[in-house]
Amino acid sequence: MAEASKDAFVLLPQRRMEQIARHFSLIPQVAPSIQVQPTSSEGELKDILTFQHDNGCFEIVLNRPKQLNTLTVAMLHRLIEVIRQIESDPTVRFVLLRGAGEKAFCAGGDLKDVAGAQVDFIRPEYKLDFDIAWLNLKKPFVSVWNGFVMGGGVGLSHASRYIVVTEKTVFAMPETKIGFIPDVAASYFLNRLPGFIGTAMALTGERLLSSDLISAGLATHYVPSHEVGEIILALTSIKIPSGDVAEVRHSLEGVLHRLTERFDSGGQPMSDILRRRKVVDRVFGASTLALILQSLEKEAALDPYFKDLAHRIRSYGPTAVSVTLRMMRKMQDVVRRCGASHSLEAHKAALEMEYRIMVRMLSRNDTKEGVVCLLIEKGRRPQFDPRTIEAVSDEFIESFFHPLTERDHLQGELRLTSD
């Protein structure tokens, strides 16, 4: 939206002024015409903002801009309550999900906050992500990825019917750096990327930009960041004739097309990794990490970019990268069978498999070591065990995929349902 003068605001109807002021932080409080959903505590009210508009739009704002809208345990539980409320409320027709500020939609989980929660965080997180994907079929989600979208932020929103990106969008799953696997169904949505781009991203934490996301089908619409406010205002005021899901989708597609058709994401830069797709596919299509690294070292003689990728894989958690490659390969056939469009079956399979892996990952010292070195003793290189990729046996890798028992975790397997 173009910058408006103070005189221009005077000429607008009162409700329109309130909407503009709220979305551009000109006033701190929500307009009187909008209901603010009750929250469990003052902290949660601050970190998760909810607005129920009288056109059937339920707006959720992740509100920790100084922390890149990273998710805390309290925010997760509040979101679970909000999704239940949306599902049971017949007046809600669609959901608008966005992050506060201009730097991030959501850069994942707040590791300092969730480190102690471990499995008690990821189990409800995965259920929430799947519930959102299921609810999206009945009440479409529109997610606005302006700025960083990583980790848990991708998990919350990648299944949205509509995803709007901007020139500031940066998409990544950098978990292997700290000894984790890329989770929240990464084995599903990264495998939807062309060729072996997703495998390369999973192993190296490499980033995608807005034009990549549009061309790969992980995002649906592009606007310059200065137009995000106009998108939000249009969605919170659009008139939808009925609550029929087909009618809602038709109305949303109309307004999104009208506001984005004049902008071309093709004018935005392509990421380093997609500009080298032919080589990336050849390298990361190899069956083992040893072969991938061997190919990267050969390519490094021609392009230093591949030297950097090889260095990342070598310096990240050996167990994490080894298990990640096996995870990506196991999901490939499922994704191919389910097709290009979003599949609840593949989404469910990915989350349930990743839960098995994460329960076992979190019981090991590697993840603790990675988090400490990244967040507390910055600059110290993590001492992972095993220390090298060559020392990680095939039997050890496969053990992460075995069904869980009570010995692994009291709650056992994660079983997701669409009830």
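A crossing of two helices is called left-handed if the near helix is turned anticlockwise from the far one by less than a right angle, and right-handed if clockwise. The structure here is a predicted model: local features need pLDDT of at least 70, side-chain atom pairs count only at pLDDT 80 or more, and totals for chains, interfaces and linings use all residues. Residues are numbered from 1 along each chain as its sequence is written, and side-chain values use heavy atoms, with hydrogens and water left out.

Start with the whole chain. The protein chain holds 20 helices and eleven strands. Helices (H or I, at least four residues) and strands (E, at least two) are DSSP runs, numbered from the N terminus. The protein chain has 419 residues, and 57% of them count as buried. Buried means under 20% relative accessible area, exposed means over 50%, and partly exposed lies in between (1.4 Å probe, protein chains only). Now look at contacts, meaning heavy atoms within 4.5 Å. Take the contacts in the protein chain with a separation of 6 or more: residues 24 or more positions apart account for 74% of them.

Next, find helix α6 (residues 119-138) and helix α4 (residues 73-88). Their axes come within 10 Å and cross at roughly 30 degrees. Therefore α4 is roughly parallel to α6. Axes are lines fitted to C-alpha atoms, for helices over the stretch in contact, and angles run from 0 to 180 degrees between N-to-C directions. Angles under 35 degrees count as roughly parallel, over 145 as roughly antiparallel, 65 to 115 as roughly perpendicular and the rest as oblique. The crossing of α4 and α6 is left-handed. Which residues meet? From α4 come Val73, Leu76, Leu79, Ile80, Ile83, Ile86 and Glu87. From α6 come Phe121, Pro124, Glu125, Leu128, Asp131, Ile132, Trp134, Leu135 and Lys138. The residues of this contact of α4 with α6 are twelve nonpolar, no polar and four charged. Here Ala, Val, Leu, Ile, Met, Phe, Trp, Tyr, Cys and Pro count as nonpolar, Asp, Glu, Lys and Arg as charged, and the others, Gly among them, as polar.

Helix α6 also packs with helix α18 (residues 344-362). Their axes lie 10 Å apart, at an angle of about 175 degrees. So α6 and α18 are roughly antiparallel to each other. On the α6 side, the contact includes Val119, Ile122, Tyr126 and Trp134. On the α18 side, Leu344, His347, Leu351 and Leu362 are among the residues that take part. The residues of the contact of α6 with α18 divide into 13 nonpolar, one polar and four charged.

Stay with leucine 362, which lies in helix α18. Leucine 362 counts as buried because its relative accessibility is 8%. Leaving out residues up to four places away in sequence, leucine 362 touches Gln118, Val119, Ile122, Phe180, Thr367 and Lys368. Leucine 362 and phenylalanine 180 are 182 residues apart along the chain, yet their C-alpha atoms are separated by 8.3 Å. Is lysine 278 buried or exposed? Lysine 278 is exposed, because its relative accessible area is 76%. Lysine 278 lies in helix α14 (residues 277-284).

Some elements are enclosed. Helix α9 (residues 197-204) has eight of its eight residues buried, so α9 is largely enclosed by the rest of the structure. Glycine 205 follows α9, and its phi is positive, near 75 degrees.

Strand β6 (residues 141-145) has five of its five residues buried, so β6 too is largely enclosed by the rest of the structure. In a regular strand the side chains alternate between the two faces of the sheet. Phe141, Ser143 and Trp145 point one way from β6, while Val142 and Val144 point the other way. Two strands pair if DSSP finds at least two bridges between them. Strand β4 (residues 94-99) pairs with β6 in the parallel sense over four bridges. Leucine 96 stands opposite valine 142 in β6. Strand β8 (residues 162-165) and β6 pair in the parallel sense over four bridges. Tyrosine 162 in β8 is the bridge partner of valine 142.

Finish with an open sheet of four strands. Its order is β5-β7-β9-β10, with mixed pairing. The edge strands, β5 (104-106) and β10 (208-209), each pair on one side only. β5 runs parallel to strand β7 (residues 148-150), and two bridges join them. Cysteine 106 stands opposite valine 149 in β7.
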